[in-house]
Amino acid sequence: SCKDQQLIDQPLEEGLAAARCAGCGGQWIDSSRYWKWLESRPPQESAVTEATPLDLPVNDSGPGKFCPGCGRFLARVKPGHAIDFFLNRCGGCGGIWLDANEWEILRSVGLHDDIHFIFSDSWQADVAKAERIRQHEQLLAEKLGPEALAEIKRIKSWVDSHPKKAELYAYLIGPKDSGPSKR
């Protein structure tokens, strides 16, 4: 990211060294180091949490980064899970560029050891789906108001958990009751 700075190795996590930029604080994680670190960890169930990510400043240095390992362009993806920055990875050598504080934020929600999954098509499809749902709910909140949206979500939750939910949904979308006929 900083073309005039040298990257200096330093520990990022126990057993994982990264090359840190003295200028911007970004970190380059060589893919072989990352995989060795993952393999050295005891088997764990996924530790991804729904916790709110740490509120640390991230100066996303934007698109157009080159890989410090092999010189190719880095791919950019959003990690999802309420994290609003992009991660960068080289499609050639597999190295990962993290801007300052991104590791700490990923770690706060348990994604630091899932970075390799974040770049997968299935992960990115889930991120895109979650974003569509978020945008849809935002639009509904604007149209209905937050109180009405909260109420309809409560009702939907009740219907979804009801043993006769199919009948309840059929009733809700059935013919409208026109009320007493007017003659």
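How much space lies in the largest pocket? The answer is about 330 Å³, in a model that is predicted.

**The pocket.** Select Gly-80, His-81, Val-127, Ala-130 and Glu-131, which lie nearest the centre of the largest pocket among its 15 lining residues. Next, display helix α4 (residues 121–144), which contributes the largest share of that lining, 8 residues.

The whole structure contains 9 salt bridges. Select Asp-113 and Arg-41 for another of them, with a closest N to O distance of 3.2 Å. Asp-113 sits in the loop between α2 and α3 and Arg-41 in the loop between α1 and β4, so this pair ties together parts 72 residues apart in sequence. Asp-113 counts as buried at 11% relative accessibility, whereas Arg-41 is partly exposed at 21%.

**The strands.** Proceed to β4 (residues 74–77) and β5 (residues 87–90), antiparallel strands joined by 4 bridges. Here Ala-75 stands opposite Arg-89. Strand β6 (residues 96–98) pairs with β5, also in the antiparallel sense, over 2 bridges; Asn-88 has Trp-97 as its bridge partner. Finally, select Gly-94 in the hairpin of β5 and β6, where this glycine takes a positive phi near 85 degrees.

Notes: Residues numbered from 1 in each chain as written. Predicted model: local features only at pLDDT ≥ 70, side-chain atom pairs only at ≥ 80, totals over all residues. Heavy atoms only, no water. Pairing = 2+ DSSP bridges. 1 Å grid on protein atoms, 1.4 Å probe; cavity = no way out; pocket = protein on both sides within 12 Å on 5 of 7 lines; lining within 4 Å. Points joined across faces, edges and corners; volume = space filled by probe spheres on them. Salt bridge = Lys/Arg side-chain N within 4 Å of Asp/Glu carboxyl O. Buried < 20%, exposed > 50% of the residue type's maximum accessible area, 1.4 Å probe, protein only.
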